[in-house]
Amino acid sequence: MEVVDKSDIAYSIFNANLDVLAVIVDKKDTAKAKKALLSNKTLKLIHRVNVPPIRPDEKDITKNQILMSKESTEEAINAAMEPMGITFTVSKRTVALDYSKHDYKQALKKLLPAGLELPLSFETVGHLAHVNLLDAHGPHRFNIAKVFLDKHPKITTVVNKTSEISNEFRVFPMEVIGGRPDFGVAVKEGGCTFQLDFSKVYWNSRLGTEHQRLAGEITARSPGKAVVADLFCGVGPFVVPLLKAGHEVYGNDLNPDSVSYMEINAKKNAPEALGRLHPHLGDARAYMKELIAQRVPVTDVIMNLPALSHKFVDVHVGAYQRGDPLPVIHAYVFANIEADDPHTDENFQRVAIDLVTAELVGSDSTESVDMTARVIRDVAPNKRMVLVEFMVPCGVGYSNKRAE
């Protein structure tokens, strides 16, 4: 597999001499001196890759040098050290820098034009890193990828999203900007290993904690066996922990690759539970209607399609025969508020609940639905991912009105 490397870094730009202050102390006093220095919030030790902040003094083998950051001042050092009763001196030292002594952020700051925002946020998926570069980063993307690979040795593939998601599978177009064009990854999450092709299926590493939390919530409420319908199951991040916890799961997705990987991951992580897994490929609304019509005793419905989940809740309106059990809905939605509105969890939760309520009973309805909400993560400055949970009310599930 051919490695992508289109970088043209002039490594000489990283060569420089860095003048810093060094605190010279007896070796036996090193730990005490370090603690005293760091007790002063204005003082920091040098932070450079391959440059230990504490090293033997080249002039006296009985002493150590404690190298300080370039922002540290002699006045602050003296103020921190003098009350300790330790014999010390402060002198200047020169540290020779090269590319190997820069971390990712330091290297990018040296490499990119002044004033250009540093691309520091990224998602790792196994051996692959996904970065969202700005248009202004475009001319520098190959150099950015090269630095990323050099400074993150466990990463062997770097991809950049080239445009927004525009397909029903939630898969975005991407470019390999560095490393091996290898999209087949293995991701460890919550004691499970998930296999997937990052170019063909949806995966979000930031939701790992939430996958485990919701599975735990359902298990705590149904310690025997819950019957869960995961309508947008992806490669199985909810399905697998639920199977391992002893539940029965109906996993559906519109993407055939997702369903295939969901089955692979279930077999890999919970082979004993395959009899409790019901994989399905197709439309979520039609599938939910099918489960209800077949009177499958679903206790929980998971809908993790935040852009559209609220549009599917009306499938439960008038869908149940009186006396049939009504499920708990776990709907993940995006909540947006105006920039000048208070950015509190309560505001985002209110917006999310209003979105779901409007689709379930209508925005002008007097029907009361008991809903709870929790903010899951930040998506953008005015946007949060929120989980809305409720049990389908009798007045909704058994009503004479039916959704289309």
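I count two strands as paired if DSSP finds at least two bridges between them. With that settled, I opened this predicted model and started with a hairpin.

**Entry 1: the S9–S10 hairpin**

I looked up strand S9 (residues 184-189) and found it paired with S10 in the antiparallel sense, over six bridges. One of the contacts I traced joins Ala 186 to Gln 195, its bridge partner in S10. Two residues separate S9 and S10 in the hairpin, and Gly 190 in the turn shows a positive phi of about 55°. Next I checked burial along S10 (residues 192-197): five of its six residues are buried, so the strand is largely enclosed by the rest of the structure.

**Entry 2: aromatic pairs**

I note that a pair of aromatic rings is described by the distance of the centres and the angle of the planes. My search of the whole structure returned nine aromatic pairs. Among them is Tyr 104 with Phe 148, edge-to-face, with 5.2 Å centre to centre and 80° between the planes. This pair links distant parts of the chain, since Tyr 104 belongs to helix H3 (residues 104-111) and Phe 148 to helix H4 (residues 141-151), 44 residues apart.

I then turned to Phe 232 and Phe 312, an edge-to-face pair with 5.2 Å between centres and 75° between planes. Here I found a link between two loops, 80 residues apart: Phe 232 lies between strand S11 (227-230) and helix H6 (239-244), and Phe 312 between strand S14 (300-304) and strand S15 (328-336). Both Phe 232 and Phe 312 are buried.

**Entry 3: a cluster and two lysines**

I also picked out Tyr 11, Phe 14 and Tyr 99, which ring pairs link into a cluster. Over the ring of Tyr 99 I found the charged end of Lys 151, 4.1 Å from the ring centre. Lys 161 has its charged end over the ring of Phe 172, 5.6 Å from the centre.

Most residues other than glycine have a negative phi, which made me look for exceptions. Asn 50 has a positive phi, near 65°, and sits in the loop between helix H1 (30-38) and strand S2 (54-56). Asn 50 is exposed, at 55% relative accessibility. Arg 295, also not a glycine, has a positive phi of about 55°. I located Arg 295 in the loop between helix H8 (284-293) and S14, where it is partly exposed, with a relative accessible area of 45%.

Terms used
Residues are numbered from 1 along each chain as its sequence is written. This is a predicted model: local features need pLDDT of at least 70, side-chain atom pairs count only at pLDDT 80 or more; totals for chains, interfaces and linings use all residues. Side-chain values use heavy atoms; hydrogens and water are left out. Rings of Phe, Tyr and Trp (its six-membered ring) pair if their centres lie within 6.5 Å; planes under 30 degrees apart count as stacked, over 60 as edge-to-face and the rest as tilted. Helices (H or I, at least four residues) and strands (E, at least two) are DSSP runs, numbered from the N terminus. Buried means under 20% relative accessible area, exposed over 50%, partly exposed in between (1.4 Å probe, protein chains only). A charge sits over a ring if NZ of Lys or CZ of Arg is within 6 Å of the ring centre and within 35 degrees of the ring normal.
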